[in-house]
Amino acid sequence: MKARSLVPILYILFLMLPIYWLVAMSFKTTNEILGGFSLFPQVWTLDNYRVIFTDPTWYWGYFNSISYVTLNTVISLAAALPAAYAFSRYSFMGDKHLFFWLLTNRMAPVAVFALPFFQLYSAVGLFDTYLAVALAHCLFNIPLAVWILEGFMSGIPKELDETAFVDGYSFPRFFTTIFVPTIKAGIGVTAFFLFMFSWVELLLAKTLTAVYAKPIAAVMTRTASSAGYELGLLAAAGVLTIIPGAIVIYFVRNYIAKGFALGRV
Amino acid sequence: MTLELTDLSLRVGADMHIYPTTLRLEVGSFNILLGATGAGKSTLIRLMAGLERPTRGSIRVDGQDVTGRSPQKRNISLVHQFFVNYPHMTVFENIASPLKVSGVPTSEIAGRVEAAADILQLRPMLHRRPQELSGGQQQRTALARAIVKESTAIFLDEPLANLDYKLREELREQLPELLAGRGTVIVYATSEPTEALLLGGNTALMYEGRVTQFGSTAEIYRAPADLHSAQVFSDPPINIAPVEKRGDRMHLGTALDWPVEGEAAGLSDGEYVVGIRPHHVTPVAPAAAAVPITGTVRITELSGSESVAHFSIADRVWVSQSPGVTQFFVGQTHEFHMVPAECFYFARDGQLAARGSAHG
């Protein structure tokens, strides 16, 4: 029994090692980090975190990231819910091809779109806004959302829709007061994935922003180059970057298992 | 209030799903659509409910054409075979939902919901969610939602098919009573002839997208219009065989012949198809005049209250159904008795030619 549990424990320790290292570094001074090998911080310091929470360049980075990620999640869901409904309930000319084509959008490297997007958003005056990044991330997030939601929606029998129409519900009323609540688990799972993908995407976010909408990851690289190697500060910023994802995962952990069971996630 | 279908048909691609159908369903009537799976019962209900657009023909309510009207504007109720309720609402909210959408004042809703809940014995479950209920209670919730509003028509699409035996019997007994006197047209689809007979009312027999016969349930059971109707309305399946009338006797191949009686005596000589329901082919000689048949037993089914035997005669397999327990031995011959007066004779085009009895 003991020996059997040893293997997963070792494995988890192995997986957690880089994260532990990051967390440990965030409480060390830069001198200690560069000075030599230490498993625990010799001198505990909260200075790194203090800098982040007091310097506007730092905390605005977080705020910017969260803003465009949230905006993107909302836009993607708003567009994907009706689209997924259409794919799950109706058959129309080319529906299967269109559905597959949506998926292929996820297969293109994001770098391909960086240059045209930069040009396009500059031309229409959206450069360096939350909306620019949020819209750019729709490129891969809407197909993903349609794909996941369609799986959940197809699990709801069509008879539910028909019963509601016979009961007198108009389509918009049925969709918002019956259908959406019925698949709220699916929407939760979808929102989680949208949030995560947008949160970790860097290339487009960096390309389409300069000052006002600069994401936290971009702040991290720029600060590093201007102020030498502030390793402790970067580590603290890294820790704070992981936290939102961890919080979201905590809330949707049960739904995710359901999503996996449906085979679409 | 009447619900009239005139030449209503539905074609999808090259397939006729519903052949032109004309029916007139009266208010307060209990109408059964009886047919095998795939006969078009659900499709016909979907057409009447407005969930499907007909290719041709019209639907009239009280003479008013509603063919193009959406289901929302038809003021109807529908109960599916699967228990369909709104999962995120309580039973109370589920039953109240049709009233709420049609703008019934809140003060009135609670009373009407409770009244419907009382009829269907749902009072103690009003504050639970559908998924916390048993299948029977879930379907009763769907039924309550169907009766709570004053609809023009209530469509029930095999509402009892997914319930277990005991619940099905219980609910089947209550159904005609709780649906009666509502001033609505009731349409009830089922695939079980026994259920149709128990429910009474009118029956429309359906076979491969056609309504083959419509009339009072008891009447069309006694006098099927054609071979398909007879087949649809018999469980176990009706025994059929080609026969030839020569003079005053019917010949089933060389194996069997019997004297023709009743209406059938007036038939001209020639080829027909005989149909006789399994309970008129019995192992014990009945009181009525009967013809002995010797057949080889193939399969037997004993249910305690009745015995069913499948036996081969000539090159066909016939079924005998009789009350009580009769011991059959598979592979051995057994003597059965057929009542010629209960035979139906169909012409070669399938239409009923004559009955073995005199009339009625």
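Two residues count as in contact when their C-beta atoms, placed from the backbone, lie within 7 Å. On that basis, the contact between the chains of this predicted model takes 15 residues from chain A and 18 residues from chain B.

**The chain A side**

Two helices of chain A, H8 (158-167) and H9 (171-182), each supply at least two residues of the side that touches chain B. H8(A) gives the largest share, seven residues. By class, the chain A side divides into seven nonpolar, four polar and four charged residues.

**Domains of chain B**

Chain B is split into domain 1 (2-226) and domain 2 (239-355). The C-alpha centres of these two domains of chain B lie 37 Å apart. Their contact draws four residues from domain 1 of chain B and six residues from domain 2 of chain B. On the domain 1 side, three of the residues are nonpolar, none is polar and one is charged.

The two sides with a class breakdown are set out below.

**Helix H4 of chain A**

How far apart are the end C-alpha atoms of helix H4 (residues 56-89) of chain A? They are 49 Å apart. This agrees with expectation, because 34 residues at 1.5 Å a residue should span 50 Å. H4(A) does bend, by about 30° at A:Ala80. A proline, A:Pro82, follows within four residues of that bend.

Terms used: Residues numbered from 1 in each chain as written. Chains lettered and ligands numbered in written order. Predicted model: local features only at pLDDT ≥ 70, side-chain atom pairs only at ≥ 80, totals over all residues. Domains from an automatic or database assignment. Nonpolar A, V, L, I, M, F, W, Y, C, P; charged D, E, K, R; others polar. Expected span 1.5 Å × (residues − 1). Bend = angle between axes of the 7 residues up to and from the residue.
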